[in-house]
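Please have a look at the structure below, then read on.

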Amino acid sequence: MQTISQVLRNLNILELNPAYSTGAVWGSSSGSNAIDSYSPVDGEKIASVQVVSAADYEKVITKAADAFLFWRSMPAPKRGEIVRQFGDALRKYKTDLGTLVSYEMGKSLQEGLGEVQEMIDICDFAVGLSRQLYGLTMHSERPGHRMYEQWHPLGVVGIISAFNFPVAVWSWNTALAWVCGNVCVWKPSEKTPVTAIACQHIIADVFKANGIPEGVSNLIIGDKITGELMTGDSRVALISATGSTRMGKEVGVAVAARLGKSLLELGGNNAIIISEHADLDMSLIGAVFGAVGTAGQRCTSTRRLIIHENVYDVFTAKLVKAYAQLHIGNPLDEHNHVGPLIDRAAVAGYLDAIEKCKAEGGRFIVEGAVLEGPGYTSGCYVKPCIAEVENDYKIVQHETFAPILYLIKYKTLAEAIALQNNVPQGLSSAIMTLNLREAEQFLSAAGSDCGIANVNIGTSGAEIGGAFGGEKETGGGRESGSDAWKAYMRRQTNTINYSNTLPLAQGIKFDL
Ligand code: UN1
């Protein structure tokens, strides 16, 4: 396997190299206005990156607003061609970028590569979309009139992304926003700035090769204060933010205060209902991957299993056996299933949740622990654990970004659906059943209240083709596939009178 410095060299980000239209400056030394990125894999510092100042931010936004004047006039299919080339560049850099994602964020290499694959997929989707930004045509109630609607770009789109999908979620937003004619300013998580710089370099080469002016893709590295510059800025038409519900509430309020648009993709508290009619072996794979994949740090991670009483004992026995077989360790080693949490603060959150769960009466059937010793020196590796709980425990109602799986027993489907819905969040949900009636009830209006509801698939691992997002405290936004592109455009209704008179609508007479 290649070394990380080789990966950084392949991605052209080893040397001091001011990125294309970015406020981020690549620095070698730490300072009060620098962010140090440490790998949770081995605790090594990857790089130190300068935080944008308010003056840098101004420069970036001005450049972005200028670039919009050019970009919005370029035909959408031509913008799609640029995104097609971006997808090709990602194919070329897939191994390097996937490895860097895995090293900087801590997810398994397979998941790092999968994340880059999601980027490639959304590029393909956006290329097709660039020829399909359709508006409707309506029949006017007045003679000699025509009505239709068209979709125009919004302007500057601000993207705030989280550490857990450091590159894919940005690409869902940016690939769509670009073909729609917007320019983007990206504020990545301060925990994963290096992967963001790598992406900015990859797209910069594509833009340069096509003679596109700077400012269509912008990167600002910073903390909460940098984010606040953007959320309060009325030059930023749309803020698309992914992260915790706490963050989303602040962003939503700041953007609403200036009547801007926001697209929020926030916390989940996702459950799988394991019916007595489930294929239990298949359910096991969905449940374990959902709970321990990405070390439980996906917004779609499975946090709760709602299990029918008739299969509860046999299924929990399978779960315990499967957990005993999990390999926890360096995520770049393909034999390992579970990598580290993002940092020690996340480890503290995991321990705190376990303690709270026990205090409320939770009974752990697989105990958690922080792993120590060779291979675990970063202090970020924890044991995935399982607790039997009641759904209304405070800690169960809360999204803890860690591999803690809660088990709840049920008797009737109505009860299971109520348990599944009875949390503040509404992102992803699933039922494992071979019974058609159960499946359809779960999917009906009286079923799951989540943005994503699956049958015989776990809660995580959505494809890019569907709209992604959820309800309640998940924030209501939809990104990625289907018609999520409409969030990145403004709708204009056009009525054209080609008659010789000016009849008023609703039959109103106004003669002079
Ligand atoms: C996220 O965790 O914010 O559905 C995104 C999934 C991935 C995306 C997760 N495709 O699990």
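The ligand takes up the space of the largest cavity. Here a cavity is a set of points on a 1 Å grid over the protein atoms alone where a 1.4 Å probe fits but cannot get out, and a molecule sits in one if more than half of its atoms lie within 2 Å of its grid points. This is a predicted model, where local features need pLDDT of at least 70, side-chain atom pairs count only at pLDDT 80 or more, and totals for chains, interfaces and linings use all residues. Residues are numbered from 1 along each chain as its sequence is written, and side-chain values use heavy atoms, with hydrogens and water left out.

**Around the ligand**
- The residues surrounding the ligand (a heavy atom within 4 Å) include E118, W172, R298 and F468.
- By class, this shell holds 5 nonpolar, 4 polar and 3 charged residues, with Gly counted as polar and Cys as nonpolar.

**Polar contacts (N or O atoms within 3.5 Å)**
- T300 places a polar side-chain atom 2.6 Å from an oxygen atom of the ligand.
- Taken alone, the ligand exposes 320 Å², and the protein buries 100% of that (Shrake-Rupley method, 1.4 Å probe).

**Two domains**
- The protein is divided into domain 1 (4-266 + 475-491) and domain 2 (270-464), with bounds from an automatic or database assignment.
- Their contact (heavy atoms within 4.5 Å) takes 28 residues from domain 1 and 24 residues from domain 2.
- The C-alpha centres of domain 1 and domain 2 lie 30 Å apart.
- Each domain gives at least three residues to the shell around the ligand.

Note on methods:
Polar contact = N/O pair within 3.5 Å; in protein donor to acceptor, adjacent residues only side chain to side chain. 1 Å grid on protein atoms, 1.4 Å probe; cavity = no way out; pocket = protein on both sides within 12 Å on 5 of 7 lines; lining within 4 Å.
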